[in-house]
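Subject: Structure handover

Hello,

Here is the structure I said I would pass on. My notes follow below it.

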Amino acid sequence: MTESTTSPAARSATLPLRFAVMGAGAVGCYFGALLARAGHAVTLIGRPAHVLAVRDNGLRLQTAAMDVQVPLAASTEASAVEGADVVLFCVKSSDSEDAAQQIRPHLAPGALVLTLQNGVDNDERVRAVLDASTPVAAAVVYVATAMGGPGHVVHHGRGELVIAPSPRSDEVARQLTAAGIPTQVSDNVRGALWAKLVLNSAYNALSALSQQPYGPLVQVPGVTQVIADIVAECLAVAAADGVTIPGDVQAAVRGIASTMPGQYSSTAQDLARGKPTEIDHLNGYVVNRGAALGVPTPLNHALQVLVKLAEMKRATD
Ligand SMILES: NC(=O)C1=CN([C@@H]2O[C@H](COP(=O)(O)OP(=O)(O)OC[C@H]3O[C@@H](n4cnc5c(N)ncnc54)[C@H](OP(=O)(O)O)[C@@H]3O)[C@@H](O)[C@H]2O)C=CC1
Ligand SMILES: CC(C)(CO)C(=O)C(=O)O
């Protein structure tokens, strides 16, 4: 096909883009590394020890299929988003406003900010901080990754995204998919984020408070009934909020314990490392929406409070 017969969209799908990753942790490093390997210009923005390691040796990307050093740019400064076509916004949900404030003065006009986070309202919270002209699209992240240490990301499974529509979403989805990150654009990302929120609300706090992986957790008498009751509260809030949750959420909830029996929730991992959890954006979100909509959520509230107490204890140990 000659240049003149190629549509602008098709042409742009073949051109490398400039990506910045705001919050270069497990999720941002994994996707950033794949994009850099596909020829895109990628800058990671993260903490000093990680940035130094990446600058010295590149990012070590360890998956079942490869263990490679990926050269890419890294900075501790939010100003490194300058010139990016797309910002992968990958901080924890509790850091969204701060991180958005930090990148705001440096974003190029029209840069797309993609929120790759758990929790259902990060896109709204980021949009509220950024200039009204900046497109922000939520992404549902289906991946299991962890940091192996500074400059080292370990992939444990999956790696797809579902992203919300925006002026650049189709183009970006094509580029991501071509880079080995299967990406769909969906007009029900909120529903898909809610589906994940239900799983997180059902399992994360219980795994965190007991420091148990999902397999042994559900063997304890009473746990599956508690999970069913938590899920019922979440679904009542979602219904009152007009959210259509795609797929069979009950089957997805049951499937977690059998498909990931050895997995500890991210909340359990945060607590074990003495890091703040995202609980206010998981069970806590269900509680707040429930309160606003007049739907009682006593189990979600109890779990939120218990995790906050455990965070407090961990911080003072
Ligand atoms: N890991 C996974 O497999 C999955 C994670 N998710 C979700 O993705 C999101 C990101 O998770 P994950 O990557 O695991 O989290 P990480 O904690 O590994 O990564 C976030 C990184 O951003 C850093 N950071 C925060 N604020 C700034 C800032 N202002 N400037 C520079 N760096 C900053 C953090 O540093 P510090 O810790 O020092 O604050 C941390 O290193 C979360 O919402 C999570 O729930 C979703 C699906 C799977
Ligand atoms: C799906 C689940 C519950 C898997 O661990 C998760 O997203 C988390 O740990 O935060």
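Helices (H or I, at least four residues) and strands (E, at least two) are DSSP runs, numbered from the N terminus. This is a predicted model, in which local features need pLDDT of at least 70 and side-chain atom pairs count only at pLDDT 80 or more, while totals for chains, interfaces and linings use all residues. Residues are numbered from 1 along each chain as its sequence is written, chains are lettered from A and ligands numbered from 1 in the order in which they are written, and side-chain values use heavy atoms, leaving out hydrogens and water.

Ligand 2

Helix α7 (residues 189–210) gives the most to the shell around ligand 2, with 3 residues. The residues around the ligand (a heavy atom within 4 Å) are N118, K196, N200, N204, Y214, M260, Q263, S265 and S266. A polar side-chain atom of Y214 lies 2.6 Å from an oxygen atom of ligand 2; for N200 the distance to a ligand oxygen is 3.0 Å, and for N204 it is 3.0 Å. On its own ligand 2 has 280 Å² of accessible area (Shrake-Rupley, 1.4 Å probe), and the protein covers 89% of that.

Surface patch

L209, V305, L306, L309 and M312 form a nonpolar patch on the surface, with about 440 Å² of accessible area together. Helix α13 (residues 298–316) supplies the largest share, 4 residues.

Regards

Technical notes:
Patch = residues over 30% accessible without salt bridge, like charges linked within 9 Å, V, L, I, M, F, W, Y side chains within 5 Å. Salt bridge = Lys/Arg side-chain N within 4 Å of Asp/Glu carboxyl O. Polar contact = N/O pair within 3.5 Å; in protein donor to acceptor, adjacent residues only side chain to side chain.
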